[in-house]
Structures are given as C-alpha cells and as structure tokens.
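Take a look at the chain shown below. This report walks through a few of its parts, one at a time.

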Amino acid sequence: MAAHGIPEEFLDGYAHILAGAAATGRRLTRDELDSRRALGERAAEAGYGLRALVGAHLAATRAHWPTSRAVSADSVMYAAEQAVDALAEGYERAQRLAVRQEEAARREFIDDLLHGRSDLGRLVERADRFGLRLSYEHAVAVAEGTGGYEDGDPVPREVERALIGRFGDRSILLTTKEGRLVCVAPGDQDEVLAFFAKHAYAATDGGRVAIGRPRPGPGGVVQSYEEALNALDLAERLELDEPVLRAVELLVYPVLTRDRQAMADLVLDTLGPLQKARGGARPLIETLIAFFDSGCVAAEAARRLALSVRALTYRLDRIHQLTGANPADPVHRYTLQTAVIGARLLGWPERPF
C-alpha cells in the first residue's frame with residue numbers, strides 16, 4: 001500500500017518514468033502519458049479520491065527523487081507535473097463518464113416510473129438506488145411555467161437547493177419531464193409538496209403547480225402523476241386562477257366529463273339556443289362564467305366584464321329568454337352552471353360537436 005491509502009498498482013511505473021524524464025529533461029512520451037491517464041481512470045472507477053491519488057504521487061516523487069547532482073530539480077518537477085496532470089485528466093474523464101451513465105440511468109428510471117413501464121419488481125429494485133421505497137404511498141406534484149425546463153437549468157437547481165436545504169433527501173425525487181418540474185415525495189409528507197409548490201411557483205415566475213393524490217405502489221406514482229397533469233389541463237381549459245391545484249379538489253370535473261356524450265347533450269340542449277343571439281353564444285357564455293364565478297353577485301360580475309350593472313342584467317334576461325333558464329333561479333342555476341362547465345371542458349362553441 002502506497003501513501004494516502006492508495007495501492008501501489010496505481011503508481012505502477014511512476015518511479016521509472018520520473019527517473020528517465022528527469023535524467024534528460026525530456027517531456028513524457030505519449031505512451032507514458034496514456035499510461036497515467038489509464039491509471040487515473042482505473043482509480044476513479046475503484047472509488048479512490050483524486051486528492052489521495054495526487055498526494056500518493058507527490059509522496060512517491062519525494063521517495064524516488066533522483067540523487068545525481070547533474071539532474072535539474074526543474075526537470076524532476078516538470079516530469080511529476082506532467083504525470084499528475086495526465087493522471088487527473090484520466091480520473092476526470094472517468095468521472096464524467098460515470099456522471100453521464102448515472103444521468104442516463106436516472107432518466108430511464110424516471111421515464112419508466114412516470115409511465116408505468118418496466119417490470120414492477122425491477123422498478124422497485126431500481127427505486128431504492130434513487131431513495132424511493134415504492135411499497136409506500138407517494139404523491140406527485142408537477143409545476144409548469146412559461147418556458148420549458150431541463151435538468152441542470154437554473155430553475156430546477158434553485159428549487160432542488162431549497163428542498164434539500166429544508167428537508168434533506170427524505171426520499172424525495174426532483175426531476176424534469178417534458179419541460180415541467182416534477183417532484184415525487186412520500187404520501188404522508190404533504191409539507192414537502194406544499195414547500196415544492198411554493199418555491200416552484202416563485203422560481204417559474206408565477207407558473208402553476210398541481211398536486212396529485214397519494215397512491216400506493218409503483219402504479220400509484222403513475223396515477224398521481226397523471227392526476228397532476230390532468231389538473232393542469234383542467235386549469236387551462238377552465239381558466240382557473242389558483243396557482244396551486246390539488247387533484248382531490250377537482251374530482252367533480254372528471255366525473256362530469258366521464259360520459260362525454262351526455263355532457264355534450266346537456267351543453268347543446270341548455271346553451272345551444274344562445275347561438276341565436278347577436279354575436280353568437282360566446283359573449284353570453286362569458287357573462288354566465290363571470291356571474292357564477294362572482295357568486296351570482298351582479299355588481300361584481302359587471303365589474304369583471306367591464307359592463308354596467310344594467311348591461312349585465314340585460315344579458316342575463318336575454319339568456320333567460322333564449323334558454324328558458326333563469327340564472328337567478330337556484331334550480332335553473334345548477335343546470336346552467338353545469339352546462340357552462342361542460343362547455344369550457346369540451347371547448348364549445350369553438351369546437352362544435
């Protein structure tokens with residue numbers, strides 16, 4: 001064993017190279033440099049630290065310092081410098097390769113995890129490597145901003161630093177997928193995803209975050225991820241203002257659209273007559289949206305639409321005339337509001353059906 005806990009095999013031939021180069025003041029040959037690079041790679045793969053490796057070579061330089069007075073100290077040091085530089089180059093090359101391989105393995109695991117691919121037993125085994133225990137419940141949060149994000153970008157790094165600084169690793173997986181930030185956390189640690197949502201919202205300059213429900217097993221991660229994606233899609237179609245959406249609070253919408261044909265029939269039967277209005281159905285549907293979103297308070301709805309209360313009242317009366325349903329009547333209101341939600345989910349009237 002050499003100095004600094006480095007085996008002698010990683011200094012193989014160094015004394016001979018040092019003596020030969022120092023005696024004539026020559027540079028190291030290509031073969032000599034290649035041999036040092038190869039040893040550096042092997043040392044990295046074996047798990048030895050670069051600092052210890054360099055220290056062992058400096059100790060070997062002292063131990064094998066040529067005793068001839070004709071030898072220039074500069075020649076000895078220059079030969080040692082070349083050898084150590086080649087050693088470090090090989091070491092760093094091996095590390096870069098290992099990082100790329102780790103990143104590739106991590107990316108493959110994430111793809112398989114979020115899309116439910118791969119053998120479940122194998123997936124659970126691979127999950128342990130990344131700090132996840134898939135036998136437990138997990139929940140997934142997804143954040144999107146105005147631009148797309150990749151691993152290593154400033155926004156994911158900022159959010160990751162905040163998470164690690166607050167919780168340590170705590171079985172958290174933070175990654176990017178299709179330009180979005182994705183955080184997988186144990187289902188019983190809601191504070192982790194709430195913290196992620198807060199910092200992702202800030203880091204993405206006011207983006208939107210959706211949180212799926214906790215689900216057990218590898219398949220549960222897929223379900224929670226898909227719930228979060230669906231929540232983001234609903235938020236866009238319904239123009240929801242909330243920066244953080246929880247799938248559990250939006251369950252009524254998938255229920256409403258589960259029977260698409262029934263919802264389409266409700267929309268056409270209830271709101272179809274609005275197409276006879278001057279300007280089409282869209283202005284009157286927007287009137288209903290503002291009216292319902294403001295808690296059926298006419299003054300607030302008028303303010304949101306930049307209308308006078310009188311103009312708003314006229315529109316509501318027109319809706320009543322055309323559809324036979326009075327927005328101010330609690331019984332009619334439920335049907336109208338459900339139809340309006342359906343129209344927004346189905347993209348009607350811009351997408352006829």
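This is a predicted model: local features need pLDDT of at least 70, side-chain atom pairs count only at pLDDT 80 or more; totals for chains, interfaces and linings use all residues.

Start with helix 1, which spans residues 14-24. Its buried residues are Tyr14, Ile17, Leu18, Ala21 and Ala22. These five cover an arc of only 115° around the axis, so they sit on the same side of helix 1.

Now turn to the other side of helix 1. His16, Ala23 and Thr24 are exposed there. After helix 1 comes Gly25. The phi of Gly25 is positive, near 75°.

## The largest nonpolar core

The largest nonpolar core has 29 residues. Which of them touch the most other members? They are Phe109, Leu113 and Leu132. Several elements give two or more residues to this core: helix 4 (73-115), helix 5 (120-129), strand 1 (137-144), strand 3 (180-186), helix 8 (217-238) and helix 14 (330-346). Helix 8 gives the most, with 8 residues.

## A second core

There is also a second, separate core. This second core has 27 residues. Ala264, Ala281, Ile319 and Leu346 are among them.

## Strands that pair

Strand 4 covers residues 208-211. Strand 4 pairs with strand 1 in the antiparallel sense, over 4 bridges. In this pairing, Ala143 has Val209 of strand 4 as its bridge partner.

Strand 4 also pairs with strand 6, which covers residues 244-246. Is this second pairing parallel or antiparallel? Strand 4 and strand 6 pair in the parallel sense, over 3 bridges. Here Ala210 has Leu245 of strand 6 as its bridge partner.

## A pair of rings

How many aromatic pairs does the structure hold? The structure holds 3. Phe291 and Phe292 form a pair with ring centres 5.9 Å apart and planes at 55°, so this pair is tilted.

The cut-off for buried is under 20%.

Definitions and conventions. Residues are numbered from 1 along each chain as its sequence is written. Side-chain values use heavy atoms; hydrogens and water are left out. Buried means under 20% relative accessible area, exposed over 50%, partly exposed in between (1.4 Å probe, protein chains only). The arc is that of the directions from the helix axis to the C-beta atoms. A nonpolar core is a set of buried Ala, Val, Leu, Ile, Met, Phe, Trp, Tyr and Cys residues joined through side-chain atoms within 4.5 Å. Two strands pair if DSSP finds at least two bridges between them. Rings of Phe, Tyr and Trp (its six-membered ring) pair if their centres lie within 6.5 Å; planes under 30 degrees apart count as stacked, over 60 as edge-to-face and the rest as tilted.
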